[in-house]
Every structure is written in structure tokens, then in C-alpha cells.
Amino acid sequence: MSKRLALTDVVLRDIDQSPLTAHFSLEDLLPIAEKLDQIGFWSLETWSEATFDSCIRYLGEDPWHRIRELKKAMPNTRQQMVLSGQKLLGYRHYADDVVTKFVEHAHRSGIDIFTLFDGMNDVRNLKVAVESVVKIGGHAQGAICYTSSPAHNLQIWLDMAKGLEEMGCHSIVIKDMGGVLNPFDAYELVSSLKKTVNLPISMHCQATASLSTAIYQKAIEAGIDILNTSCFSMSHAYGDAATGTLITMTQGTEYETGLDLALLDEVVTYLDEVSQKYKQCEASFCATDVQILMSKLPEYMLTDIDNQLKELSAGHMMSDVLQEIPRVRQDLGFPPLVGSSWQVVGTQAVLNVLTGERYKTITKETVGVLKGEYGSTAGAKNAELLALVLDGTEEIVCRPADLIDDEFETLKTELEHIARDKNISLSDQIEEDVLTYALFPQIGLKFLENRNNPDADKLAVDTEIATVTATPVSQAVGVSENYSVRVNGVVYQVEVASGGAISNIDPVVDSTPAIPPSAPVPVASAGGSPLVAPLAGNVFKVLVQPGQHVAANDVIIIIEAMKMEAEVCALNSGVVSQIQIKEGDSVTVGDILMTIG
């Protein structure tokens, strides 16, 4: 009997996440969509927090328009998205009515399959999302976020799978975001799941630790039904296992995929040509280092932290951060490093290292994990740290969303008022704008303000390079040319050779002496002591006004850093005499935020 293997290709999601960290535009992808549609994949993963975020943060594209255009270009293949249960694509739990609205609009825009996961592996947080997907006729794929720790064992995964089946899921996926599931353990896990639930089993495994092909081989032997692969990866260390490899290794066997390898080659060739203009954005971190195998970190976590440390001129601290991450994870009860959970752990580890003192600055999200605002964890939390953040209050033990009143109409009214005050033109699909604003209040609102502004900042890659690489390599002629390219504030001198290939990427050295961020020199004023930014980011909220009295340790400013919200507290009591920043401003380490006297 045939056991034909089905494949989900994740390239249209992953290419905006690993290792470019969100730089591919819709116009880069549409020319190859038709061929992707013809290959015969079980599904194509095209939408997630990363793609949504990249559209509004970097590309100036409406993410809802993006998925509709991809669906239109690929009508024969099911479109799949990754959705973080009650958190959707954001960083907090939303009310049930917002979850339902998002699922309805995503399905209407072209999403057929919803991969539903929870960053804590708390199945209670998937209940409403699963019910909503089932109600609109979509495919609910419940996810087990695989991780290893002293708090995890095989029975936990089997119990979770049974709960997802009882909840109404149509399939189950094992998400191994670190790519560190031992191949023989993978065989045992898949075999046990096949005996426990009567659902198709899928697996998503990153290639970070170079184990993914071996893991997939053992999963196939155990009877896996679907595997997630990527037909194109810009680095062998990043992304998913290669689609072409899985097609080839199963040829002539009972597991043969039946997919068109020749068409796949055309897709890969095209993406390789287009990707040349983004080579300067690649992370340089070596993900197959032995330290990665020991720390078991997902590749996107490494990429993001690598980029963030470089922007903070602290790339040399990467090793310290890698050592701090497992300690933070243990303090928080061993959450799996998936979804926003990895960002909570990673960002807190970065802050602990940068500030030189563990938990001197604690993000709002770290506090939320400790308090139970995101659900239960598999392991016990650091008792001392928990007592500090609870400060006499009770830990949340119910489904967190049970404590949230319906909020969609309130958010809609709020956005309409802001739109009137700021003269923002909302789209005819106003509920989509409300969801964008709800999921990303600051960045989403900035996107809506500038959506129809052709002069608004987009991804800073010169249009000349886009013009060169849009020409097929086989047709491009001429001599090499030089361009200046700005990436994350750094200007590079880039040589574009005949045919569009990019080489000789050199940073432009600024003759102005740089001031190390670790050694700010705040200037005291006659009105009091300066409060300086402990980290770089965007000012999300200013919670005080000039003339207001504050006490030491009062939260007075919230900075969005690395997509997390970090609270900045007053170092001393006194009266706010001057505020040097406003909401929306970008700040670097050492910038004076306000003066307190």
C-alpha cells in the first residue's frame, strides 16, 4: 500500500523570516507564484506574524492585500498560516471576539489551513481559535511545540495531542523550531502519536542544527503524513529542510511525493536571482556551532538576537547572551522557544547582559509570563522572581482570556477617533485595519498613517538595485555598477555586477568618531537628575507629565525594544521638570529621556 508523503512548502513565509528577517516584497514573489502553484504541494505556508510584521514595519505593504494577491496567483494550492492561538500575531492575549474576527477575515482573504500553536503549549489558549476555524470551514491544524527540558517527557506530548483531537483539530503538527529533536526520539514520538490519535500527523523542523534531514528520515519510517520543507533557503544553516532533498530521497519508494522537481528548479533559480539584492541583509551568525546544539535555540531566535546586538553595537556579547538564555528560560518555567515566547526569553536575556545585572530591567512580557497572563508552563518558575513581580497579588490559573471582556468594537471606535484626529484614511475593509491596529498598536498605526504616502519610509534598498535584479540573469548585460544601500541605519557600498549579482559589500566608514552606547554621558540640568534610556528602541508610552511627582521605581516610560515592551522606572523620587522625548521617538542607549528633580 502506498504511503505517499505530502509536503507543505514554507518558502513564502520563511523567506521573510530566515535569515533575511523580513525583507522580501510581494512584487518579488508574484512572478514565481504560478509555478509554485503547479508543483503539487499539500499546502503553501504564506502568512504568519513574521510576514505580517514585515509588511507594516519594513515594506509598506498591506498584509491583507498581500495574502489576497498570493491566493489569486495560486488558486490551486491551499494557503496556510501560522497563528498563535489567543495571541493571534501579537504579544498579548486578545478577547475571544477579536480572535474570531481575525480568523474570519483571514479565511475570507485566502487562508485555508490554520496552524494553531500556543507559546506555552497550553491547549486552553487554542480553544476559541480552533472553534472559529471549524465554524468557517477551514482546516484546524493543532501544534505541539516540541522542546526538551527537565519538565518535559513523551506523555506530555501524547496528552496534548489527545486534547487537540478532542477540541476538533483536523491534523496535528510537531513544531521543532530548534531542529534539535533527536532522530530516534522523533521516531518514537511519531509512532506513539499515530497510536494515540486518529489524525494526520505533520512535522515542522528547522535545519539550524543540521539534524532536520535525519529527523525527517526517521519520521517517515514512523509513518508521518506531512512534512514542512522549504524549496529555497539563503543559507544552509537557516530555514527548513530542503524540499528538493525530500523529493529526491523518497523517489522510487512507497513514500514518493510525486512532486515536479523540474518546476521546483525553476522556482529556486528565480528566487536565487531575486535574492541577490538582499544578500547584505543576511545574518552572519554560524548556527551550526556546537553551542547551538547545546542551547537548542531556533534559528530565527539566533538571527534576531544577532541583528539586535549589532544594532546596539554589542555583537561581541552574543556568547554571553547564549549562556544567559537557558537561565532565563528556567526562571520562566521552561516555555518552548516558539512564537513570541522565544522573544520574551531572548529579549530578557539580552537586557540582562546589556545592563550588567539580571532583571534590572524586566519587560512587560516577562512579567506576564511569570504572572500567568499567557497560560501555564510545564515547569516551576523561579520563586523569588515570581514573588517580586506578583508583589502580593495572585498568579493567574484560569484560561487568561476568560478575564478579558470583548474588545473589538472598543478598538474599532478607538481607531476611528484616532483616524479623525490624525486625518488617516481607513480602507473600505475597516475591520482589517482595526485588526492591524489591535495586533501592532504602534507600528500598525504608523503603517496606516503612511499607507497612502509614497514618500513614507520603506525598506531602505535602492530602487536601482531592484531594477537590476528584476531582469533575468540570462538576459542582463552590461558592466558592474556601484550603489549606496542603507540597512538598519548602516550605509553599505555595493557593487552590482553584470547580470545582477551583488558583490563587494563594504560598510561606509563614517569619519565621525562613534560614542559607545555603553558609556553615555548624560548632562545634568539645574532642574534635577537626568533619566537615560537603558536600551535602544521606540518610545511606546510616556506615563508622566512635567510637574508630576514620581516615586523611586515608578514606571514612567515604556520603550518598545526588540518587539517587546520594556518598562523604564524612576531612579529617584522627585518632580518631573522636563521631558525630552515624545511617544513614537526612537532612542538609543544613553539618550536623556527626562529630568527628575
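Glu416 is partly exposed, with a relative accessible area of 27%. The cut-offs explain the label: buried means under 20% and exposed means over 50%. This is a predicted model. Glu416 belongs to helix α18, which spans residues 408–422. Leu426 lies 10 residues from Glu416 in sequence. In space, the C-alpha atoms of Glu416 and Leu426 are 8.3 Å apart.

**Helix packing**

Helix α3 packs with helix α4 at an angle of about 125 degrees. Their axes are 8 Å apart. An angle of 65 to 115 counts as roughly perpendicular and one over 145 as roughly antiparallel, and α3 and α4 are therefore oblique to each other. Their crossing is right-handed. The table gives the two sides of the contact.

| Helix | Residues | Contact residues |
|---|---|---|
| α3 | 49–59 | Phe52, Cys55, Ile56, Leu59 |
| α4 | 63–73 | Pro63, Trp64, Arg66 |

By class, the contact of α3 with α4 holds 6 nonpolar residues, no polar ones and 1 charged.

**Open sheet**

An open sheet is built from 4 strands. Their order is β12-β19-β17-β14, and the pairing is antiparallel. β12 (529–532) and β14 (549–550) stand at the edges. Each has a single partner strand, so one side of each is left without a neighbour in the sheet. For β14, an antiparallel pairing with β17 (residues 574–579) runs over 2 bridges. His549 has Val575 of β17 as its bridge partner.

Notes:
Residues are numbered from 1 along each chain as its sequence is written. This is a predicted model: local features need pLDDT of at least 70, side-chain atom pairs count only at pLDDT 80 or more; totals for chains, interfaces and linings use all residues. Side-chain values use heavy atoms; hydrogens and water are left out. Two strands pair if DSSP finds at least two bridges between them. Axes are lines fitted to C-alpha atoms, for helices over the stretch in contact, and angles run from 0 to 180 degrees between N-to-C directions. Angles under 35 degrees count as roughly parallel, over 145 as roughly antiparallel, 65 to 115 as roughly perpendicular and the rest as oblique. A crossing is left-handed if the near helix is turned anticlockwise from the far one by less than a right angle, and right-handed if clockwise. Contact means heavy atoms within 4.5 Å. Ala, Val, Leu, Ile, Met, Phe, Trp, Tyr, Cys and Pro count as nonpolar, Asp, Glu, Lys and Arg as charged, and the others, Gly among them, as polar. Buried means under 20% relative accessible area, exposed over 50%, partly exposed in between (1.4 Å probe, protein chains only).
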